[in-house]
Amino acid sequence: MNLINNALKFTEEGFVKCQIKPLGDDNILMEVHDTGCGIAEADQAQLFSAFSQVDTSMARRHEGTGLGLAICKRLVDAMQGEIGVNSQQGLGSRFWFTVSLPETEPLAIYQSGEHLPAMPSHHHILVVEDNPLNQTVARVMLERLGQQVSVAENGQEALDQLKADHGRFDLVLMDMQMPKLDGTETTQRWRDYEAVHQLPKLPIVAMTANVMPEHRERCIQSGMDDMIHKPFTRDELHQVIGRYLLNDESVESVSIHATVPIKSPESLGDSAGAVQVLDKRLCEELQSTFEPKALDALLTTFLTRLGERIARLNAYWQSEDRQALCLEAHSLKGAASSLGCAAIAEQASQLEQAALEAPLSELMIYLERLVALEATTKLALEQESMFV
């Protein structure tokens with residue numbers, strides 16, 4: 001995870017790839033390739049020493065401690081393995097390690113789809129989420145899993161519901177970015193309330209589109225128990241909440257992404273080709289979760305409001321209200337992502353990240369792409385028979 005995290009941090013465009021290969025005699029080779037800034041040959045020798053970062057400007061940007069690779073080396077050494085790097089400045093890097101991992105029999109702990117293990121029904125789950133579309137998707141998925149659902153639109157409302165009847169809820173799904181009180185502050189306040197009133201600990205699972213380790217660390221430090229990445233499927237939702245509703249320690253949540261494409265602003269002109277218009281897997285999930293008329297209504301509402309959102313984004317751009325632009329882009333990213341509209345979600349994500357500092361001319365490129373994707377996405381949804 002550290003090697004992948006480093007590769008993502010220092011790769012602004014191109015790709016990051018993780019590959020795992022058997023070498024025979026129970027030895028495994030793990031490689032992380034990237035097209036990032038690369039490392040000069042003279043600097044490579046000190047990489048695995050404690051408190052070493054070869055590029056101080058990058059260190060300032062990412063607030064690194066310089067301990068990560070040193071810890072990696074100590075772990076690999078403790079497993080009688082080897083770790084190393086091949087890199088060329090300006091072209092990228094290949095970090096690798098080998099360890100001995102004897103083969104064992106797999107554990108059949110989780111099956112997806114129709115083979116889901118039964119989850120006890122009628123548990124009461126509080127969904128804390130400010131986006132109405134995301135509220136609906138989470139509610140329907142949970143109800144299809146046999147759970148009772150209440151919704152709070154922000155952190156303050158969640159605290160009010162929990163304090164009013166804390167014994168009513170078995171688990172909380174907590175969005176991270178919300179008005180009034182965000183997910184981490186809400187969780188910290190509830191944990192304090194639990195401590196003062198000597199209440200049993202209520203499981204709280206973060207819902208977030210952020211996958212970097214520092215975001216997970218924020219969740220855990222605030223008192224959360226786990227996290228699930230948006231957009232999630234019913235299988236993934238079942239898997240993560242099953243740990244707390246089933247009290248089954250054998251159920252594990254594992255998410256593996258082999259290749260993560262990273263785009264630079266210069267590639268925005270043709271980025272619709274780089275990112276699929278729809279997330280086919282999520283579209284199939286929505287079709288199996290919702291009744292056809294309900295899904296039709298949900299998507300129609302999204303597309304109707306999309307034009308209104310784009311108009312607001314354009315108004316914020318014209319008035320140079322960067323903060324409002326960022327918040328609106330975040331909201332659009334969440335809604336589009338939950339409905340499988342991958343290209344719109346990607347453009348909204350890029351706009352959100354760039355909104356506060358990028359030149360206004362660059363931000364207009366994102367807005368133009370969103371306008372073009374409005375019709376493209378509608379056509380793609382029709383072709384996938386997402387409407388009645």
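1. Ground rules. The model is predicted: local features need pLDDT of at least 70, side-chain atom pairs count only at pLDDT 80 or more, and totals for chains, interfaces and linings use all residues. Numbering starts from 1 along each chain as its sequence is written, and side-chain values use heavy atoms, with hydrogens and water left out.

2. Length of H14. Helix H14 runs over residues 342–354. Helices here are DSSP runs of H or I with at least four residues, and strands are runs of E with at least two; both are numbered from the N terminus. The expected span of a helix is 1.5 Å times one less than its number of residues. For the 13 residues of H14 that gives 18 Å, and the end C-alpha atoms are 18 Å apart, so the two agree.

3. Burial of H14. The helix is mostly covered, with ten of its 13 residues buried. Buried means under 20% relative accessible area, exposed means over 50%, and partly exposed lies in between (1.4 Å probe, protein chains only). The buried residues include Ile344, Gln347, Leu351 and Glu352.

4. Salt bridges overall. Side chains of opposite charge can pair when their charged atoms come close. The criterion is a side-chain nitrogen of Lys or Arg within 4 Å of a carboxyl oxygen of Asp or Glu. The whole structure holds 19 salt bridges.

5. Lys333 and Glu352. This salt bridge has its closest N and O atoms 2.9 Å apart. It links distant parts of the chain: Lys333 sits in helix H13 and Glu352 in helix H14, 19 residues apart. Lys333 is buried at 12% relative accessible area. Glu352 also counts as buried, at 13%.

6. Arg312 and Glu328. Here the closest N and O atoms of the salt bridge are 3.0 Å apart. Arg312 belongs to helix H12 (residues 292–318) and Glu328 to helix H13 (residues 322–338), 16 residues apart. Arg312 is partly exposed, at 33% relative accessibility. Glu328 is buried, with a relative accessible area of 10%.

7. Arg191 and Asp225. Their side chains meet in a salt bridge at 2.9 Å, N to O. Arg191 lies in helix H7 (residues 183–197), while Asp225 is in the loop between helix H8 (213–222) and strand S9 (226–229), 34 residues apart. Arg191 is buried at 13%, whereas Asp225 is partly exposed at 23%.

8. A network. Arg191 and Asp225 are also linked with Glu194 and Lys201 in a network of salt bridges.
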